[in-house]
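Try each task before you read the solution below it.

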Amino acid sequence: MMKNKRARSAGEAAEDINISPLIDMVFILLIFFIVTTVFVKEPGVEIEKPSAINSLDLPKNVILIAVTDQNNIFYGGRDYGLGGIRSQVRRVLAGNEDYPVIIQADQNANAGTVVRLVDECKLAKARSIYVSTLK
């Protein structure tokens, strides 16, 4: 009789596995990955980049600005032009001044427009400005 009681209690323990700590851990991991995910705001237009021999990879937290072949300046899907881009860059840099600015200039864009865009980004207190190319 005592033998049956031990066998039954051991069997019951195997049936009652508590998975709530596992569910808690899964939710904690989910929250961690959501919080640490990097969201990069795309410029919103297709750019035909020129190719370059010398290139490097940059971090994910960046400010992407596009210059089209018609010399329009896009950030976040909107055309700001040279007059409005400085305030947008300054607004984003207020959150973190170390974000690099990456200019995605179309290979048919006017070089003068790209140079003036670099000046606008410098006036917005951008510390590092890069021009995106193909490898």
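**Exercise 1. Helix length**

What should the 13 residues of α3 span at 1.5 Å a residue, and how far apart are its end C-alpha atoms?

Solution. Keep in mind that this is a predicted model. Start with the expected span, which is 1.5 Å times one less than the number of residues. For the 13 residues of α3 that gives 18 Å. Now turn to the model: the end C-alpha atoms of α3 are 18 Å apart, so the two values agree.

**Exercise 2. The chain as a whole**

Solution. Next, look at burial: of the 135 residues in the chain, 27% are buried. Finally, consider the contacts with a separation of 6 or more: 70% of them join residues 24 or more positions apart.

**Exercise 3. Two helices side by side**

Describe how α3 and α4 pack, and find the residues that meet.

Solution. Two packed helices are described by the angle between their axes and the distance between the axes. Helix α3 covers residues 81-93 and helix α4 residues 111-123. Their angle is about 35 degrees, and their axes lie 8 Å apart. The crossing of α3 past α4 is right-handed. Now pick out the residues: α3 brings L82, I85, R86, V89 and R90, while α4 brings T113, R116, L117, E120, C121 and L123. Sorted by class, this contact holds 6 nonpolar, 1 polar and 4 charged residues.

**Exercise 4. The buried residues of α3**

Name the buried residues of α3 and say which elements they pack against.

Solution. Go along the helix and note G84, I85, Q88, V89, V92 and L93, which are buried. An α-helix has 3.6 residues a turn, so residues three or four places apart point the same way. Then look for the partners of these buried residues: they pack against the strands β1 (63-67), β2 (73-75) and β4 (101-105), and against α4.

**Exercise 5. A glutamate in α4**

Is E120 buried or exposed?

Solution. First place E120, which sits in helix α4. The cut-off for buried is under 20% relative accessible area. E120 has 16% relative accessibility, so E120 counts as buried. Next, set aside its neighbours within four places in sequence: E120 is then in contact with L82, I85 and R86.

Conventions. Residues are numbered from 1 along each chain as its sequence is written. This is a predicted model: local features need pLDDT of at least 70, side-chain atom pairs count only at pLDDT 80 or more; totals for chains, interfaces and linings use all residues. Side-chain values use heavy atoms; hydrogens and water are left out. Buried means under 20% relative accessible area, exposed over 50%, partly exposed in between (1.4 Å probe, protein chains only). Contact means heavy atoms within 4.5 Å. Axes are lines fitted to C-alpha atoms, for helices over the stretch in contact, and angles run from 0 to 180 degrees between N-to-C directions. Helices (H or I, at least four residues) and strands (E, at least two) are DSSP runs, numbered from the N terminus. A crossing is left-handed if the near helix is turned anticlockwise from the far one by less than a right angle, and right-handed if clockwise. Ala, Val, Leu, Ile, Met, Phe, Trp, Tyr, Cys and Pro count as nonpolar, Asp, Glu, Lys and Arg as charged, and the others, Gly among them, as polar.
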